[in-house]
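Work through the exercises below with the structure in view. Each task is followed by a solution in steps.

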Amino acid sequence: MNVIPDTSVRKPTPNPNPIPNPASAPSLQPAPKPAASRILRYLAKEWSSWLLVVPTIIVFLIFAWQPLVSGIYLSFFRTEGYSAVEFIGFGNYVDVIQNSVFLQTLKNSFVYVFWSLVIGFVFPIAVAIAINELRRGKSFFRFAVYFPNMVPAIAASMVWLLLFQPGENGVLNMLLSYIGIGPQGWLQDSRLTIPLIVATMTLRGFGGTVLLYMASLQGINQELYEAASIDGAGVWRKLFRITLPQISNIVSLMLILQISGVFQVFGEPLVMTEGGPNNASMSLMLQSYFYAFRYFEAGHSMALGVITFLILMVLTVIYFWLDKKFDKEA
Amino acid sequence: MRKSEATGIIGQLELRTPGVRALYMVLFLLMALLAVVCVFPFLWVMVSSLKDIKEFYRMPPTLIPQTFNIEKLGEAWNELRFMQYYSNTLIMTVGSVVFCLALNGLAGYFFSKLKPRGSVFLFTLIVWTMLLPNTVGMVPMFKNIIDFPILHLNLTNTYWPMWLMAGVNPVVILIFKSFFDNIPQSLLEAAKIDGATKLGIFVKVMLPLSVPVIATITIMTVNAVWMDFFWPFMVLKDQSQWTVIVAIYNMKALMPIDQQYITLTFAILPPVVLFLFFQRYIMQGYTFSGIKG
């Protein structure tokens with residue numbers, strides 16, 4: 001029963017349809033050649049293309065893919081130095097989770113994310129919109145806002161460390177004394193340490209985000225605003241009904257990038273507090289770094305890395321699920 | 001509508017109403033304040049490094065220095081061997097730029113123009129690498145550096161790890177790819193008819209057409225290398241190999257505070273100068289990478 005439609009397709013009638021039908025294309029060709037010769041033909045044609053990316057692939061293998069796979073693998077082994085010694089199943093995971101610091105570290109990582117959302121999420125959006133509205137000095141403000149991005153993170157952290165010096169000699173404490181506030185402990189104060197680290201991170205990084213938002217704002221069709229004005233919409237109404245919805249895609253992308261990035265925070269607390277005081281600013285990744293390069297327990301370090309990875313995956317999945325749900329309802 | 005650029009939510013007519021006018025003034029002041037907060041701390045550290053010792057340690061510190069002691073900078077430069085760190089950083093930068101342009105550029109060309117079967121899979125793999133949080137790879141990567149696979153070389157105290165890592169940047173590959181996508185295929189066909197090889201087409205056709213994107217990526221890489229801390233810190237243990245950033249971090253505990261200010265100035269000044277001169281290219285980087293959004 002296959003025969004009849006098949007022959008009708010094979011009839012060499014000129015096809016009136018200029019677009020070739022992809023479904024019928026294979027049946028028009030002669031019987032498929034053996035796989036080996038097809039591979040040979042493919043190689044003969046494309047070997048030179050692949051040759052061009054061989055270095056890239058090798059470097060990717062060594063610096064990205066192999067470390068990822070072998071890190072997961074090694075997390076199930078007792079390690080000596082940086083090599084596996086003995087398979088111990090989930091032993092490293094149990095050790096890491098039972099360590100008294102783990103819960104605090106986990107909580108801290110979420111606290112970092114919490115403060116980064118409070119301090120650093122709405123802020124760049126507001127600044128981008130504000131600068132975009134200014135009639136004069138736009139490029140100056142763009143420059144000023146981006147300026148901290150150009151300061152190396154380590155240098156910036158060290159600058160803040162100097163400014164945040166506790167005691168009456170600290171620069172910020174001195175400034176506070178002018179308005180009658182006593183000296184603060186700043187980074188030494190366990191309640192302030194995470195918010196302050198996040199504040200300096202925000203100041204350092206928000207300029208880049210502002211530029212991205214501004215590029216997005218420039219893309220909004222001006223006629224939308226004009227039409228809204230004619231209909232009598234005020235400034236606030238235009239902001240909430242036009243501007244924000246128009247940039248919502250990039251805002252939501254930045255949100256997940258920020259959550260994921262801050263959850264892995266590590267360089268700033270390393271330089272500014274080394275996780276202190278009393279582990280108050282210890283994050284999961286900083287702990288993982290300490291396991292690997294301070295206590296030389298590589299297995300523990302990678303187990304903690306895998307745990308962090310899994311938490312991030314769960315967060316991302318939840319985020320996309322909410323995003324989809326929200327999109328449907330909106 | 002006199003200027004098409006300077007328009008946003010607040011229309012020209014609205015600006016004349018008192019309420020909106022006041023709002024605009026408030027916005028302007030807030031932004032001015034923000035600009036001060038952004039620039040002041042770093043400027044203050046740089047300017048303070050010029051104060052002479054007496055003024056530097058005066059309590060309370062002066063906000064605007066009254067003394068300028070330029071010689072102190074020169075002394076610290078020589079005493080702390082900053083010439084060495086600057087030239088180390090230069091070596092690391094040049095190598096990184098070369099690897100970044102060559103490897104990522106070829107990859108972009110491969111994914112944009114050559115596109116052999118199977119390249120889509122590789123591309124997906126690379127994009128995934130970018131999206132996956134790399135929380136696990138730190139130790140195995142370090143292991144690969146101290147005992148390079150197959151060759152069994154120890155790459156500590158060399159710049160090779162940073163050079164190679166600069167060669168695999170998924171974001172740069174994406175930027176190259178999206179730029180190459182706009183170069184018409186017909187140019188490539190013409191070169192092919194003239195007998196150019198695939199690599200020849202890349203060097204003679206693609207690269208000359210890509211000067212703007214190459215400039216932007218070069219500036220971005222120079223800047224990134226200058227700031228790079230973690231891997232140089234892990235890899236460059238020997239003082240004679242330190243980069244500027246590694247040096248200021250490693251030396252911070254050993255220096256009196258006034259020298260710390262000076263070294264910070266040495267670390268902050270070059271990227272700031274770079275920014276002043278190449279602002280346009282750096283800002284352009286955000287447009288080029290805008291495809292992400």
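**Exercises on chain B**

UniProt, in an unreviewed entry, places the feature "transmembrane region" at residues 21-47, 90-111, 120-142, 162-180, 201-226 and 261-278 of chain B; its positions are given in the numbering used here, feature names are shortened, and annotations may be inferred rather than shown by experiment. This is a predicted model, in which local features need pLDDT of at least 70, side-chain atom pairs count only at pLDDT 80 or more, and totals for chains, interfaces and linings use all residues. Residues are numbered from 1 along each chain as its sequence is written, while chains are lettered from A and ligands numbered from 1 in the order in which they are written.

**Exercise 1.** Find how much of residues 261-278 of chain B is helix.

*Solution.* Helices are DSSP runs of H or I, at least four residues, and strands are runs of E, at least two, numbered from the N terminus. Residues 261-278 of chain B are 100% helix and 0% strand, with end C-alpha atoms 26 Å apart. For residues 162-180 of chain B, the values are 84% helix, 0% strand and 26 Å.

**Exercise 2.** Describe the side of chain B that touches chain A.

*Solution.* Contact means C-beta atoms, placed from the backbone, within 7 Å. By this rule, 72 residues of chain B touch 77 residues of chain A. On the chain B side, α1(B) gives the largest share, 13 residues. That side divides into 53 nonpolar, 14 polar and five charged residues (nonpolar: Ala, Val, Leu, Ile, Met, Phe, Trp, Tyr, Cys and Pro; charged: Asp, Glu, Lys and Arg; polar: the others, Gly among them).

Conventions
Contact = placed C-beta atoms within 7 Å.
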